[in-house]
Amino acid sequence: MRVLGVDPGLTRCGVGVVEGVAGRPLTMLGVGVVRTSADAELGHRLVAIERGIEEWLDEHRPECVAVERVFSQHNVRTVMGTAQASAVAMLCASRRGIPVALHTPSEVKAAVTGSGRADKAQVGAMVTRLLRLDAPPKPADAADALALAICHIWRAPAVNRLQQAHAAAAAAVRTSRVPRTPAAPVRKVPR
């Protein structure tokens, strides 16, 4: 499976491509950051992010795009920018028919380090080890994008099995239902 991980942000949008399957060594195919100027107009920044992500999709042809799920922060301005960059990544993938998966920061940290409370340095160190790199990718947004891709590769098989089991259970319930006979009408009795 080839996954493009996207760590959304307006100034630095981390992108990283990882290929492999759960239980086997993974391979990094590319890592980088799509940058925009904080001084630029919002619309222009979003277009720049779109162009950058489209270039990564053209070059690496991922089977799936894993995007960090936007979570509530105290700084509304930051969360809005992150959500907007996240939406651009989802739009680019969906336009091409590429499935999009969302993972929370704690899911990614837990998958890569074993702790959902790991700090950026721990995530970078584990990404370096798991992908057999010489040094952690810089900036941290790039390492986070690779961590998202790794998380998705490792979690996707289990999530798919759970979805299939849920669908099978729902289908079994639908097919085993006995047709209900209409109940007798209820009459109101005057007091």
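Begin by selecting strand 1, residues 2-7: five of its six residues are buried, so this strand is largely enclosed by the rest of the structure. Buried here means under 20% relative accessible area, while exposed means over 50% and partly exposed lies in between, with a 1.4 Å probe and with protein chains only. Strands (E, at least two residues) and helices (H or I, at least four residues) are DSSP runs that are numbered from the N terminus.

Before you go on, keep in mind that this is a predicted model, in which local features need pLDDT of at least 70 and side-chain atom pairs count only at pLDDT 80 or more, whereas totals for chains, interfaces and linings use all residues. Residues are numbered from 1 along each chain as its sequence is written, and side-chain values use heavy atoms, with hydrogens and water left out.

**The whole chain**

Now show the entire protein, which has five helices and five strands, and follow them from the N terminus in the order β-β-β-α-β-α-β-α-α-α. Of its 191 residues, 37% count as buried. The protein exposes about 11,700 Å², of which carbon and sulfur atoms supply 55%; these accessible areas come from the Shrake-Rupley method with a 1.4 Å probe, and for residues only the protein chains shown count as cover.

Select the five strands together, and you will have an open sheet with the order 3-2-1-4-5 and mixed pairing, where two strands pair if DSSP finds at least two bridges between them. Strand 3 (27-35) and strand 5 (100-103) stand at the edges, each with a single partner strand, so one side of each is left without a neighbour in the sheet. Neighbouring strands of this sheet are turned by 20° against each other on average, with direction ignored; the axes are lines fitted to C-alpha atoms, for helices over the stretch in contact, and angles run from 0 to 180 degrees between N-to-C directions.

Strand 4, by contrast, runs parallel to strand 1, with four bridges between them, and here Val6 has Val67 of strand 4 as its bridge partner.

Next select helix 1 (residues 42-60), which lies across strand 1, strand 2, strand 3 and strand 4 (64-68) and runs at about 165° to strand 3.

Then move to helix 3 (residues 105-113), where Pro105, Val108 and Val112 are buried. These three cover an arc of only 65° around the axis, which puts them on the same side of helix 3; the arc is that of the directions from the helix axis to the C-beta atoms. Just after helix 3, look for Gly114, which takes a positive phi of about 95°.

Apart from its neighbours within four places in sequence, Ile98 is in contact (heavy atoms within 4.5 Å) with Leu57, Pro62, Glu63, Cys64, Val65 and Ala93. Draw a distance from Ile98 to Leu57, and the C-alpha atoms are 9.6 Å apart in space, although the two residues are 41 residues apart in sequence.

Thr82 is found in helix 2 and is buried, with a relative accessible area of 15%. If residues up to four places away in sequence are not counted, Thr82 touches Pro8 and Val70.

For an exposed residue, select Lys138, which has a relative accessible area of 69% and sits in the loop between helix 4 (120-130) and helix 5 (140-176).

**Last stop: cysteines**

Finish with Cys64, which is buried with a relative accessible area of 7%, and with Cys151, which counts as buried at 0% relative accessibility. The structure holds zero disulfides, where a disulfide is a pair of cysteine sulfur atoms within 2.5 Å.
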